[in-house]
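Student: I am new to this structure. Could you take me through the terms used for it, and set each value against its definition?

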Amino acid sequence: MSTAGQVIRCKAAVAWEAGKPLSIEEVEVAPPQKHEVRLKILFTSLCHTDVYFWEAKGQQPLFPRIFGHEAGGVVESVGEGVTELRPGDHVLPVFTGECKECAHCKSEESNMCDLLRINTDRGTMINDGQSRFSKDGKPIYHFVGTSTFSEYTVCHVGSVAKINPAAPLDKVCVLSCGICTGFGATVNVAKPKKGSSIAIFGLGAVGLAAAEGARVSGCSRIIGVDLNASRFEEAKKFGVNEFVNPKDHNKPVQEVIAEMTNGGVDRSVECTGSIQAMISAFECVHDGWGLAVLVGVPNKDDAFKTHPMNFLNERTLKGTFYGNYKPRTDLPGVVEMYMNKGLEVDKFITHSVPFAEINKAFDLMLSGQSIRCIIRMEN
């Protein structure tokens, strides 16, 4: 029986206040409006960004809210003006978007859509400033336009990538955020040559994805840098073959790496958000050709400080957002890369829990036990 045009009642994991366990509630999900689609979420996964905003660190708290932004599902219904998606399509919702009409979307060099760029403060839909979620007549706020910790959700069509229906959603759902961010930082921005050297700062999920990008690119020396030595063993699965813990040395880590590599690495990717790691990642690349890529998000008052000679000696510093992938244009191709065994995704998935146990996923991440935990919506 079609549910198009009707309010759907379903289960969602609602965050009522900062840092408190999510509560499984029955909520109402309104039909999609103009340029929106309603999705049935089948699998979602927990990303550190969800945890950060659930803890309400460093931003204006907005509750009650439905978090979640890494997910896979199927289109249940579409709103007015939606022509590129239809009910039954397999999709990945994405925390950013691609309107295909703004200057950024029309540029081959940018993926930072003017209309749908990530906005962590917005808790409503762009179209009318209203939430599509409610309980007992009171609105529940959205999160980064996705809110995938719900059996059904409503997204702007520009934030939904249509993918190969043969792709296993319980695996490829992790591509809608962290894995693409790190992998793309290496393959799309750093672009290391085969046989080159690279340093990866931070060996969480994004850093491991950056390392995977280096492995796929054929880098011969992949140096992992992390303050937590317990991450080194896991990182070997992602191609990391040398390790540096800055705490083991009495000199700046960039000097340690320069000594290890006869003047510096060819490329570096910084995935921590630590301003000191950013400076080290830049200063550890070789003069003449070295390129550093910043991925981690710093604190709002941070400032990057390095001597201008580091630039004049022909080192390059770049930043990236979502691995420079355009969600609708490029994400289907990343899924195909996985399907063709060019990208290994399964090794990122360390745990799986049913939706009723979603708080266990938070516990696993907070205790450092999981890279990615898949949350199964149906069992």
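Student: What makes β10 largely enclosed by the rest of the structure?

Tutor: 5 of the 5 residues of β10 are buried, so the strand is largely enclosed by the rest of the structure. Buried means under 20% relative accessible area, exposed means over 50%, and partly exposed lies in between, with a 1.4 Å probe and protein chains only. Strands are DSSP runs of E with at least two residues, helices are runs of H or I with at least four, and both are numbered from the N terminus.

Student: What should I know about the model itself before going on?

Tutor: This is a predicted model, in which local features need pLDDT of at least 70 and side-chain atom pairs count only at pLDDT 80 or more, while totals for chains, interfaces and linings use all residues. Residues are numbered from 1 along each chain as its sequence is written, and side-chain values use heavy atoms, with hydrogens and water left out.

Student: How do you know that both faces of β10 are covered?

Tutor: In a regular strand the side chains alternate between the two faces of the sheet. On one side of β10 are Ser 197, Ala 199 and Phe 201, on the other Ile 198 and Ile 200, and all are buried.

Student: Why is β10 said to pair with β11?

Tutor: Two strands pair if DSSP finds at least two bridges between them. β10 and β11 (residues 221-225) have 5 bridges, in the parallel sense, so they meet that definition. Ile 200 stands opposite Gly 224 in β11. β10 also runs parallel to β13, joined by 4 bridges, and there Phe 201 has Glu 270 as its bridge partner.

Student: What makes the β-α-β crossover from β10 to β11 right-handed?

Tutor: A crossover is right-handed if, with the strands pointing away from the viewer, the path from the first strand over the helix to the second runs clockwise. The chain crosses from β10 through helix α5 (residues 205-217) to β11, and this crossover is right-handed. Another right-handed β-α-β unit is made by β16, helix α11 (residues 358-366) and β17. Its strands, β16 (residues 349-354) and β17 (residues 372-376), run parallel with 5 bridges, and Pro 354 has Arg 376 as its bridge partner in β17.

Student: Which residues of helix α8 are buried, and what do they pack against?

Tutor: In α8 (residues 275-283) they are Ala 277, Met 278, Ile 279, Ser 280, Ala 281 and Phe 282. They pack against β10, α7 (253-260), β13 (267-270), β14 (291-294), α9 (309-312) and β15 (316-319).

Student: Why is Pro 168 called partly exposed?

Tutor: Pro 168 has 26% relative accessibility, so it counts as partly exposed. Pro 168 is found in the loop between β9 (160-162) and α3 (169-172). Leaving aside neighbours within four places in sequence, Pro 168 is in contact (heavy atoms within 4.5 Å) with Tyr 338 and Met 339.

Student: Are Ser 147 and Lys 191 buried or exposed?

Tutor: Ser 147 counts as buried because its relative accessibility is 0%. Lys 191 is exposed because its relative accessible area is 54%. Ser 147 has a positive phi of about 45° although it is not a glycine, and phi of Lys 191 is near 50°. Ser 147 is in the loop between β7 (138-140) and β8 (152-156); Lys 191 is in the loop between α4 (178-190) and β10.

Student: What makes a set of residues a nonpolar core?

Tutor: Such a core is a set of buried Ala, Val, Leu, Ile, Met, Phe, Trp, Tyr and Cys residues joined through side-chain atoms within 4.5 Å. The largest nonpolar core has 99 residues, and those with the most contacts inside it are Phe 149, Val 172, Leu 175, Val 269 and Leu 331. This core draws at least three residues from each of domain 1 (8-176 + 345-376) and domain 2 (181-321), with bounds from an automatic or database domain assignment. A second, separate core of 15 residues includes Val 256, Ile 257, Val 265 and Ala 281.

Student: How far apart are the C-alpha centres of the two domains?

Tutor: The C-alpha centres of domain 1 and domain 2 lie 30 Å apart. The contact takes 9 residues from domain 1 and 9 residues from domain 2.
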